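Subject: Structure for your review

Dear colleague,

Please find the structure below, with its sequence. The notes that follow set out what was found in it.

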Amino acid sequence: LSFDTEPVFHDNNNIKKQILNILSRLALSKTSIVASLSAIPLNFQIKLSLRGARKLIPIYPYIDGIENYNHLINTKFRQAALNLDHINCDNQFVDFINLNLKKYLPVCFVEGFGRLRLLSKRYGKAPSALIVGTEMYSRCESFMHWAAMNSLAGTKLFSMQHGGNYGMEFRSEKTFIEINAYDKFYTWGWNWHQFKNNDPKRLKPMTSIFLQNVKKIPKNLNNKIEILYTVTSIKSKVRRFDCSAMNPYISEKYFLDQIKFYRSLNGPNKDNVRVRLYKDDLKNNYFDKWKKEFPTVKFDGNSNFNLSLHEANLYVGDCLQTTWIEALSINKPFVLFVSPNLYDFTPEFEKIVTKLISINAFHYSPESAAYFINDNYSELNKWWLSSVVQGTISEVRKQIAWNPLNSTELWLRELNSIHSSLQDNGSA
């Protein structure tokens, strides 16, 4: 295995974010519901408060840059304190952890733990409930420590889905960590076991705040895109136990499938396609590889994906990332293709895949997807707007991208219900 462990991130905690947290800390009380900006955006929190959400306080989780932890590695301490030799287990994975934990556990949890505890005091007293998002697995360690200590003190922790893979497959470290650690986890519509030890009582289907923003039609739509083909980037080195589509060992095949798809399109559709590369190339040189294979290929140049999605006639995706759910949420015609046996689908999502296959929106080969587009693109709406296709898409949307018109009212009710139940339990 080749590990990439070099930290390259720094604080980006500007004065506006600091002022917000100072004001929030002044308003914070033990009856407050605190929501991070990655979970509920500030403008939506303001909207909810104006509509009557009780004791809702916004908070920005600070990024703890490497400049906070310039501590020297204490090898002897790590050898003594982070040793699992006492665990009598004939298990190669435990041996692997024992070998690497003392080497790779971040400084902020060992030599710099005192500094981490000090930084966590920036957030103030414990609220009655804390709603968090993506910061809980990336670079906000002092905020995570504050949340954990609050939980031990009685604060209820809530989190929510923020993209693809949730509910879809058994292999995804993000969903395992994000679901089981919380008192309640809000999904975008699904409600079933994703792991054998996952308690479905923690799950609650809830309208997606993120997908509400996708529905907003961007101003000044132009440069109409015929076929928007979105691809992702796969890390070249192992960094964590990620979802199936992010497995570094499939990187070469993943790109070859892209080439097979594009090559199988007919001439007019090749000209119609705009390839949208992922914003972070992750040292794969995808642009150069595409140009080498197809010198005349055209790329999507919009910085805003939502703009490109609304401009496109057809969305094409080759992995089950967030973007296909965005297409689903606005009823944008889409065609998906993935490698067979790549995903370890849950039984419930396997049924959804079967439904999508039945209407030709899901394929297990790049050639099959391309041939379907060749045969149907000229009459795209005839296919997509047919009663059979729309009936299936409506069913899938309710389970994967639920976003009804009364979304704001549903969140208002949910937050006030949390507030009332916690206060009732507190008074009891």
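I begin with a charged pair. Glu 395 forms a salt bridge with Lys 355, and their closest N and O atoms are 3.1 Å apart; a salt bridge here is a side-chain nitrogen of Lys or Arg within 4 Å of a carboxyl oxygen of Asp or Glu. Glu 395 belongs to helix α17 (residues 387-400) and Lys 355 to helix α14 (residues 347-358), so the pair ties together parts that are 40 residues apart in sequence. Helices (H or I, at least four residues) and strands (E, at least two) are DSSP runs, numbered from the N terminus. Glu 395 counts as partly exposed, at 42% relative accessibility, and Lys 355 also counts as partly exposed, at 30%. The terms are set as follows: buried means under 20% relative accessible area, exposed over 50%, and partly exposed in between, with a 1.4 Å probe and protein chains only.

Please note the basis of these values: this is a predicted model, in which local features need pLDDT of at least 70 and side-chain atom pairs count only at pLDDT 80 or more, while totals for chains, interfaces and linings use all residues. Residues are numbered from 1 along each chain as its sequence is written, and side-chain values use heavy atoms, with hydrogens and water left out.

Further salt bridges

Side chains of opposite charge can pair when their charged atoms come close. The structure holds 11 salt bridges. One of them joins Arg 78 to Glu 111, with the closest N and O atoms 2.8 Å apart. This pair links distant parts of the chain: Arg 78 is in helix α3 (residues 75-81), and Glu 111 is in the loop between α4 (92-104) and α5 (113-120), 33 residues apart. Arg 78 and Glu 111 are both buried.

Another salt bridge is formed by Glu 409 and Arg 413, whose closest N and O atoms are 3.7 Å apart. Both residues lie in helix α18, four residues apart, which is about one turn of the helix. Glu 409 counts as partly exposed, at 29% relative accessibility. A network of salt bridges links Arg 51, Glu 409 and Arg 413.

Glu 141 lies in helix α6. Glu 141 is buried yet has no salt bridge, and the nearest side chain of opposite charge, Arg 139, is 7.4 Å away. Leaving aside neighbours within four places in sequence, Glu 141 is in contact (heavy atoms within 4.5 Å) with Asp 64, Cys 108, Phe 109 and Leu 116.

Two residues of the loop between β3 and α6 may be of interest to you. Gly 133 is placed in this loop, between β3 (129-131) and α6 (141-152), and is buried, with a relative accessible area of 5%. Beyond its neighbours within four places in sequence, Gly 133 is in contact with Ser 36, Ser 38, Ala 39 and Ser 159.

Cavity and pocket

Rolling a probe the size of a water molecule over the atoms shows where empty space is left. On a 1 Å grid over the protein atoms alone, a cavity is a set of points where a 1.4 Å probe fits but cannot get out, and a pocket is an open set with protein on both sides within 12 Å along at least five of seven lines; lining residues have an atom within 4 Å of a point. Grid points are joined across faces, edges and corners, and a volume is the space filled by probe spheres set on the points.

The structure holds one cavity of 30 Å³ or more. The largest cavity has a volume of about 50 Å³, and its lining includes Asn 21, Arg 25, Ile 57 and Tyr 123. The elements that give two or more residues to this lining are α1 (15-27) and β2 (56-59), and α1 gives the most, with three residues. The lining of the largest cavity divides into five nonpolar, two polar and two charged residues. In this grouping Ala, Val, Leu, Ile, Met, Phe, Trp, Tyr, Cys and Pro count as nonpolar, Asp, Glu, Lys and Arg as charged, and the others, Gly among them, as polar.

The second largest pocket holds about 260 Å³ of space. Its lining has 14 residues, of which Phe 44, Lys 47, Gln 212, Asn 213 and Lys 216 lie nearest the centre. Helices α2 (42-50), α8 (209-215) and α18 (407-427) each supply at least two residues of this lining, and α8 gives the most, with four.

Yours sincerely

Technical notes
Lys, Arg positive; Asp, Glu negative; His and termini not counted.
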